[in-house]
Amino acid sequence: MSPEKQLDLRGLVPAPVTPFTPDGAVDHAALASYGRWLAGFDGVKGLVCLGHAGEGTFLTQAEQVSVIRTLAEATDAPVIAGITGEGTAVAVEEAKRAVDAGAAAGLVYPSHGWLRFGFQPGAPQDRYRAIHEESGLPLILFQYPDVTKASYDLPTQLEIAAQPGVFATKNGVRNMRRWDTEIPVLRAEHPDLQILTCHDEYLLHTMFDVDGALVGYGGLAPEPLIEFIAAGKARDYPAARALHDRLLPVTKAVYHRGSHMEGTVALKLGLKARGILPSATVRSPLIDLSPEAEQEIVLALKSAELL
């Protein structure tokens, strides 16, 4: 059996934030402790680092490698590295460094320029092919929101999913018409493809169609999200609805903000309030939220029985 077939992410795959010390350095002791806390939950199947929640593109290459290594050494959970380099050759080198640092898989981001300008037909397939062939890293297809020009149409998704090394998809299309149309086709055409929702703010709608969830939200509230996934797999709508309603104040405080980028700041404030992180320091271009927003997050966590 190929390595990618052995990696089972059917459950919760949190995308932890990257802790920083108050002076802005990566706090490896806090990261290791945080990683162990997450990996200690039955139902957590892996940890994703260097994505948006982890401020991965705000780190130097050396810091990226050290973050992967810290998580890989601190836990037994598979570590999945965000591969974000814009050029394919750059992304290949990034993937090779991730392998050397202990990553078990890679989450491949679209080339940044595609967000504004779109992509040439076949270019995403070539990006995945090159990264896997040259690094050996098993890969997760990342479907971006429909409102961007880097959101892959269904034929592109199907062709990427058919390529060697691609074993899962993290779908954040945020267009329920496309979700309801495309997920069944992906299931039918690629029954072994693990389908993971990344709709942090739309979990109720998407939780009944997936094998698991790859979400930053899981780094803050793994306990209810593991229950949420179980309710979805059991087709237990009342239980899922109750979890949605319980979490809604947190969802609003973290993700219903003016910019989705504020979610990372809010996650850190929440983790600080829960006593998981010693500091909520973020790195530029993120900026701190107001004291009022921090209080809102604390009250939401109390309402959801997470404090």
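1. Let's start with Q64. Leaving out neighbours within four places in sequence, Q64 is in contact (heavy atoms within 4.5 Å) with L50, G56, T57, L59 and E94. Q64 sits in helix α3, residues 61-74; helices here are DSSP runs of H or I with at least four residues, strands are runs of E with at least two, and both are numbered from the N terminus. Q64 counts as buried because its relative accessibility is 10%, where buried means under 20% relative accessible area, exposed over 50% and partly exposed in between, with a 1.4 Å probe and protein chains only.

2. A word on the background. This is a predicted model, in which local features need pLDDT of at least 70 and side-chain atom pairs count only at pLDDT 80 or more, while totals for chains, interfaces and linings use all residues. Residues are numbered from 1 along each chain as its sequence is written, and side-chain values use heavy atoms, with hydrogens and water left out.

3. Now for the neighbour of α3. Helix α2 (residues 28-39) packs with α3 at about 45 degrees, the axes being 9 Å apart; axes are lines fitted to C-alpha atoms, for helices over the stretch in contact, and angles between N-to-C directions run from 0 to 180 degrees. From α2 the contact uses H28, L31, A32, G35 and R36, and from α3 it uses S66, V67, T70, L71 and A74.

4. Then the sheet. It is open and has 8 strands with parallel pairing, in the order β1-β8-β7-β6-β5-β4-β3-β2; two strands pair if DSSP finds at least two bridges between them. At the edges are β1 (12-14) and β2 (47-49), each pairing on one side only. On average, neighbouring strands are turned by 25 degrees against each other, ignoring direction.

5. Helix α6 (residues 123-135) touches β3, β4, β5 (139-143) and β6 (166-171), and its direction makes about 160 degrees with that of β5. Helix α8 (residues 176-189) touches β5, β6 and β7 (194-197), and its direction makes about 160 degrees with that of β7.

6. Last, look at V108 in strand β4. Strands β3 (residues 79-83) and β4 (residues 105-108) run parallel and are joined by 4 bridges, with I83 standing opposite V108. V108 counts as buried because its relative accessibility is 0%. Not counting residues up to four places away in sequence, V108 touches I83, R127, Y128, I131, L139, I140 and F142.
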